[in-house]
Amino acid sequence: MRKISIIIPCYNVAPYIDRCMSSIAVQTIGMESLEIICVDDASTDDTWAHLRKWERAFPDHVILIQQEINRRQGAARNLGLVYASADWISFVDGDDWLEPDYFEQLYRHTVQYDCDVVFCADGGCRDASDALVYFDRESRRVEDDLYVTADTKEKRNLLIVSLIAGETVWGKIVRKKLLTDFQIYFPEDLVYEDLYWTSLLHVHMAGMYGVGEKLYHYFANSQSTVTSRNADHHVDWITVQVMKWAEYRRRGLFREYRREVEYDMLRDAIRFVKNLILRYDKPPFSLFHLERELVKEFVPDYKRNPYTAELTGVSHLLLEALYSAADRVEFDQMVNQIKESWGDI
């Protein structure tokens with residue numbers, strides 16, 4: 001019985017997938033503990049040929065799935081979860097790689113602590129290297145370990161508001177039973193699917209352990225989907241927001257956690273406008289206006305939410321702008337003002 005099922009969505013990662021798989025093959029936890037599920041999401045390069053090579057090298061550990069139509073990472077991860085047989089799930093991106101003891105460091109806390117999620121520190125994990133390099137052992141420790149249980153409403157409130165286990169899919173292992181019991185799946189055919197998944201994870205996890213070490217290398221890929229400039233798919237952010245709000249309602253979360261999920265949506269709205277400024281040469285006023293109307297429908301009066309008092313700087317400026325009557329000229333002025341003080345974001 002494998003301890004961890006690793007699910008890797010693969011789309012045109014031929015230049016990177018060997019590095020990713022090499023870092024998994026040398027894991028100190030041992031290959032006998034791992035199941036590697038690679039989902040080729042209709043790649044147009046020779047990703048599949050690279051994956052077949054790894055399947056031949058580890059036929060008892062590598063499962064390959066090939067999709068005929070590209071359906072984005074969310075659908076690939078959902079499909080991989082269907083094939084997963086281990087009690088713990090890890091999502092790894094095909095252009096990223098792991099420290100040799102990544103799984104050993106995370107998994108050992110599942111034995112010592114009652115938790116649904118174990119994650120590692122993501123501060124400083126962005127890595128632009130073209131080679132398989134590792135962090136300096138002496139500098140991997142960036143913060144203290146942390147153990148949190150959601151055994152009171154106050155602690156659950158903290159988890160929802162802080163997203164303390166991280167806002168990324170990578171850098172963690174998750175109990176499969178948590179995902180299946182609470183139906184925590186990814187939106188499909190969309191970008192920014194992680195906004196939806198990580199929020200629901202914090203809503204339902206019973207406990208989590210944070211390892212204060214850098215163990216995951218997130219490849220700073222200038223060609224990635226989320227960093228592309230002036231792309232239509234950035235609007236998927238709004239679609240995912242609407243889906244998440246509807247799911248909060250369906251799960252009855254407004255009764256106990258109204259202020260917390262409202263704050264989650266306000267935070268998403270602020271981040272979306274920041275993303276407009278980051279990803280567009282000329283941020284579209286129409287998308288800002290659409291987000292403004294949406295957030296005002298979700299949260300008519302943000303000042304009644306106690307958590308917004310923590311927002312400062314650019315985040316507070318954008319929150320006020322989302323509730324203003326700013327026209328196109330005023331929006332452009334705000335964008336220029338923010339770009340001039342970019343260090344505050």
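Me: What kind of model is this, and how many helices and strands does the chain have?
Reply: This is a predicted model.

Me: Among contacts between residues at least 6 apart in sequence, what share joins residues at least 24 apart?
Reply: Of the 345 residues, 58% count as buried. The accessible surface is about 15100 Å², with 49% of it on carbon and sulfur atoms. For the contacts you ask about, the share joining residues at least 24 apart is 83%.

Me: Which elements do the buried residues of H3 pack against?
Reply: H3 covers residues 72-83, and its end C-alpha atoms are 18 Å apart. At 1.5 Å a residue, its twelve residues should span 16 Å, which agrees. Its buried residues include Gly-74, Arg-77 and Leu-81. The packing partners are strands S1, S2, S3 and S4, and helix H6.

Me: Arg-77 lies over the face of which ring?
Reply: Arg-77 is one of the buried residues of H3. It lies 5.2 Å from the centre of the ring in question. That ring belongs to Phe-186.

Me: Which elements do the buried residues of H5 pack against?
Reply: H5 runs over residues 153-162, and Arg-156, Asn-157, Leu-159, Ile-160 and Val-161 are buried there. Leu-163 follows H5 and has a positive phi, near 45°. The buried residues of H5 pack against S8, H7, S10 and H9.

Me: How many aromatic pairs are there, and which residues form one aromatic cluster?
Reply: The structure holds 21 aromatic pairs. One aromatic cluster is formed by Tyr-102, Phe-103, Trp-170, Tyr-216 and Tyr-218.

Me: Is the pair of Tyr-192 and Trp-237 stacked, edge-to-face or tilted?
Reply: Stacked needs planes under 30 degrees apart, and edge-to-face needs over 60. Here the ring centres are 4.9 Å apart and the planes stand at 55°, so the pair is tilted.

Me: How far apart in sequence are the parts that this pair ties together?
Reply: Tyr-192 and Trp-237 are both buried. Tyr-192 lies in the loop between H6 and H7, and Trp-237 in H8. The pair therefore ties together parts that are 45 residues apart in sequence.

Me: Which charged residue sits over the ring of Phe-254?
Reply: The ring of Phe-254 also pairs with Trp-245, with centres 4.8 Å apart and planes at 45°, so that pair is tilted. Both Trp-245 and Phe-254 are buried. A charged end sits 4.6 Å from the centre of the Phe-254 ring. It belongs to Arg-258.

Me: Is Ser-43 buried or exposed, and what does it contact beyond its sequence neighbours?
Reply: Ser-43 lies in the loop between S2 and H2. Buried means under 20% relative accessible area. Ser-43 has 18%, so it is buried. Beyond four places in sequence, its contacts are Cys-10, Tyr-11 and Asn-12.

Me: What is the phi of Asn-12?
Reply: Most residues other than glycine have a negative phi. Asn-12 is not a glycine, yet its phi is positive. It is found in the loop between S1 and H1, and is partly exposed at 25% relative accessible area.

Me: What is the phi of Ala-42?
Reply: Ala-42 lies in the loop between S2 and H2. At 19% relative accessibility it counts as buried. Its phi is positive, near 60°.

Me: How far apart in space are Phe-219 and Arg-258?
Reply: Phe-219 is in strand S11 and is buried, with a relative accessible area of 6%. Its contacts beyond four places in sequence include Tyr-16, Trp-97 and Asp-130. Phe-219 and Arg-258 are 39 residues apart in sequence. C-alpha to C-alpha, they are 36 Å apart.

Terms used
Residues are numbered from 1 along each chain as its sequence is written. This is a predicted model: local features need pLDDT of at least 70, side-chain atom pairs count only at pLDDT 80 or more; totals for chains, interfaces and linings use all residues. Side-chain values use heavy atoms; hydrogens and water are left out. Helices (H or I, at least four residues) and strands (E, at least two) are DSSP runs, numbered from the N terminus. The expected span of a helix is 1.5 Å times one less than its number of residues. Buried means under 20% relative accessible area, exposed over 50%, partly exposed in between (1.4 Å probe, protein chains only). Contact means heavy atoms within 4.5 Å. Rings of Phe, Tyr and Trp (its six-membered ring) pair if their centres lie within 6.5 Å; planes under 30 degrees apart count as stacked, over 60 as edge-to-face and the rest as tilted. A charge sits over a ring if NZ of Lys or CZ of Arg is within 6 Å of the ring centre and within 35 degrees of the ring normal. Accessible areas come from the Shrake-Rupley method with a 1.4 Å probe; for residues, only the protein chains shown count as cover.
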